[in-house]
Amino acid sequence: YLTEMKPDAVIMVGQAGGRAAITLEKVAINWMDAEIPDGANCQFSGVPINPAGKTAYFATLPIKRMRRAMMDQGIPAEISYSAGTYVCNSSMYHLMELIEMHSPKTLGGFVHVPYLCQQAAALHPVAPSLSLDTIVDGLITIAKISFVYRGEDIEDPAGVTC
């Protein structure tokens with residue numbers, strides 16, 4: 001689809017249990033390393049996604065603008081500077097690699113959403129969560145911002161300190 005249709009933007013979405021906010025991912029790294037197998041029952045320990053590929057790709061979505069718009073609506077939102085080393089990172093890495101090779105004008109990125117309230121309530125201890133309505137409102141905002149502002153981001157301090 002990406003190589004034929006060349007969409008304006010591709011926004012991938014995955015769930016990250018334990019997070020309390022919609023999280024916009026900035027960086028996908030060329031690395032797989034996980035404690036559990038993926039959906040195809042493959043488990044990777046310290047191997048590159050593409051041995052001949054770039055070290056990392058950056059999202060081209062205006063993620064700071066997206067974060068600010070969600071926060072202005074009262075939707076918890078954060079920016080993450082690592083998509084991890086599991087399936088979501090690999091998906092984002094492949095997406096950004098395909099965009100670079102076949103559709104460089106397409107914006108791309110990855111968004112992690114928290115557990116739904118019903119999922120979190122079934123866990124002990126209860127995990128952070130958001131309602132489905134809040135998650136949907138956040139994703140609609142993300143889509144609107146990507147369409148209206150394309151790659152035009154804002155300067156808005158959003159980094160983490162440690």
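## The overall picture

Of the 162 residues in the protein chain, 37% count as buried, where buried means under 20% relative accessible area, exposed means over 50%, and partly exposed is in between (1.4 Å probe, protein chains only). Keep in mind that this is a predicted model, in which local features need pLDDT of at least 70 and side-chain atom pairs count only at pLDDT 80 or more, while totals for chains, interfaces and linings use all residues. Residues are numbered from 1 along each chain as its sequence is written, and side-chain values use heavy atoms, with hydrogens and water left out.

The protein chain has 5 helices and 10 strands; these are DSSP runs numbered from the N terminus, with helices being H or I of at least four residues and strands being E of at least two. Along its principal axes, the C-alpha trace spans about 40 × 40 × 35 Å. The radius of gyration is 16 Å, which agrees with the value near 15 Å that a compact globule of 162 residues would have. That radius is taken over C-alpha atoms, and the globule rule is 2.2 Å times the number of residues to the power 0.38.

## Surface and contacts

The accessible surface of the protein chain comes to about 9000 Å², and 58% of that belongs to carbon and sulfur atoms. Areas like this come from the Shrake-Rupley method with a 1.4 Å probe; for residues, only the protein chains shown count as cover.

Now for who touches whom: a contact means heavy atoms within 4.5 Å. Take the contacts with a separation of 6 or more, and 77% of them are between residues 24 or more positions apart.

## Asp156 and its arginines

Asp156 sits in the segment after α5 (132–149). Asp156 is buried, with a relative accessible area of 12%. If you skip its neighbours within four places in sequence, Asp156 is in contact with Lys64, Arg67 and Arg68.

The structure holds 5 salt bridges, each one a side-chain nitrogen of Lys or Arg within 4 Å of a carboxyl oxygen of Asp or Glu. One of them joins the side chains of Asp156 and Arg67 (3.3 Å, N to O). This pair links distant parts of the chain, with Arg67 in helix α2 (residues 63–72) and Asp156 in the segment after α5, 89 residues apart. Arg68 counts as partly exposed, at 29% relative accessibility.

Glu25 is buried, with a relative accessible area of 0%, whereas Arg19 is partly exposed at 25%.

Over in the loop between β5 (45–47) and β6 (56–58) you'll find Lys54, which is partly exposed with a relative accessible area of 40%. Leaving aside its neighbours within four places in sequence, Lys54 is in contact with Asn30, Tyr93 and Glu100. The side chains of Lys54 and Glu100 are joined by a polar contact of 2.5 Å. A polar contact is a pair of N or O atoms within 3.5 Å; within protein, one must be able to donate a hydrogen and the other to accept it, and residues adjacent in sequence count only if both atoms are side-chain atoms.
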